[in-house]
Amino acid sequence: MKEKFYTIASFEYPADVQILKGKLESEGISVFLRDEHTLNSDPIISNAIGGVKLQVYTEDKEKAIEIYNEIRAYAIDDNGNLIVCPNCKMQKSEVYYNRKGILYKLFPFFEEKKYKCLHCNMITKPQ
C-alpha cells in the first residue's frame with residue numbers, strides 16, 4: 001500500500017511550524033499538522049509524542065522538501081556562524097538528538113547536543 005502522506009519535519013511546538021506551513025500553502029501545497037491540537041492542549045508532552053509533524057501528500061514531497069530547504073534555519077554556533085561539517089565542509093547542519101535509551105526519552109535535556117549534516121549525514125559534536 002502506498003503511503004498517502006510524507007512527514008517533512010517535526011517541530012517541538014505548534015507555533016514553530018506556522019511560517020513553513022504558510023510558505024508551503026502559498027506555493028499550492030496542502031499541509032497537514034499531525035498532533036497539533038494535542039500539543040496545543042498539553043505542550044509539555046511534546047518530546048514524548050515527537051512534536052508536531054508537518055505532512056504533505058506524497059506526490060508533493062519533492063517540491064515541499066525543496067521549499068523547506070530554501071527557508072529552513074540551519075544550526076549556528078555561539079557566535080552566530082553556521083556550523084561547518086568537518087567531512088564535506090557544507091554549512092547545512094541541524095541540531096540532532098538520537099534519544100536512545102529510556103533516560104534520554106524521559107529526560108531529553110540530559111542528552112548532549114550534536115549536529116547532523118544534511119548533505120553527507122555525518123553526526124558531530126559541538127567544538
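The model you are looking at is predicted. Below is a short tour of its sheet, its core and some of its salt bridges.

**A helix pair to begin with**
- Glu 25 forms a salt bridge with Lys 21, and their closest N and O atoms are 3.6 Å apart.
- Lys 21 and Glu 25 are about one helical turn from each other, because they sit 4 residues apart in helix 1.

**The sheet and its helices**
- Look for an open sheet of 3 strands, arranged in the order 1-3-2 with antiparallel pairing.
- Strand 1 (5–11) and strand 2 (31–34) are the edge strands, each pairing on one side only.
- On average, neighbouring strands of this sheet are turned by 30° against each other, direction ignored.
- Strand 1 and strand 3 (residues 52–57) run antiparallel and are joined by 6 bridges.
- Tyr 6 has Val 56 in strand 3 as its bridge partner.
- Helix 1 (residues 18–26) packs on the sheet and touches strand 1, strand 2 and strand 3, with its direction at about 155° to that of strand 2.
- Helix 4 (residues 61–71) also packs on the sheet, where it touches strand 1 and strand 3; its direction makes about 20° with that of strand 1.

**The nonpolar core**
- The largest nonpolar core is made of 16 residues, and Ile 8, Phe 11, Leu 24 and Leu 54 have the most contacts inside it.
- Strand 1, helix 1, strand 2, strand 3 and helix 4 each give two or more residues to this core.
- Leaving aside neighbours within four places in sequence, Ile 8 is in contact with Leu 54, Val 56, Lys 61, Ala 64, Ile 65 and Tyr 68.

**Salt bridges between other parts of the chain**
- The model has 5 salt bridges by the rule used here.
- One of them joins the side chains of Lys 53 and Asp 35, at 2.5 Å from N to O.
- Lys 53 is in strand 3 and Asp 35 is in the loop between strand 2 and helix 2 (36–41), so this pair ties together parts 18 residues apart in sequence.
- Lys 53 counts as buried at 10% relative accessibility, whereas Asp 35, at 24%, counts as partly exposed.
- Another salt bridge brings together the side chains of Arg 72 and Glu 94 (3.0 Å, N to O).
- This pair links distant parts of the chain, 22 residues apart: Arg 72 is in the loop between helix 4 and strand 4, and Glu 94 is in strand 4.

**A buried serine**
- Ser 93 belongs to strand 4 (residues 93–96) and counts as buried, at 3% relative accessibility.

Definitions and conventions:
Residues are numbered from 1 along each chain as its sequence is written. This is a predicted model: local features need pLDDT of at least 70, side-chain atom pairs count only at pLDDT 80 or more; totals for chains, interfaces and linings use all residues. Side-chain values use heavy atoms; hydrogens and water are left out. Two strands pair if DSSP finds at least two bridges between them. Axes are lines fitted to C-alpha atoms, for helices over the stretch in contact, and angles run from 0 to 180 degrees between N-to-C directions. Contact means heavy atoms within 4.5 Å. A nonpolar core is a set of buried Ala, Val, Leu, Ile, Met, Phe, Trp, Tyr and Cys residues joined through side-chain atoms within 4.5 Å. Buried means under 20% relative accessible area, exposed over 50%, partly exposed in between (1.4 Å probe, protein chains only). A salt bridge is a side-chain nitrogen of Lys or Arg within 4 Å of a carboxyl oxygen of Asp or Glu.
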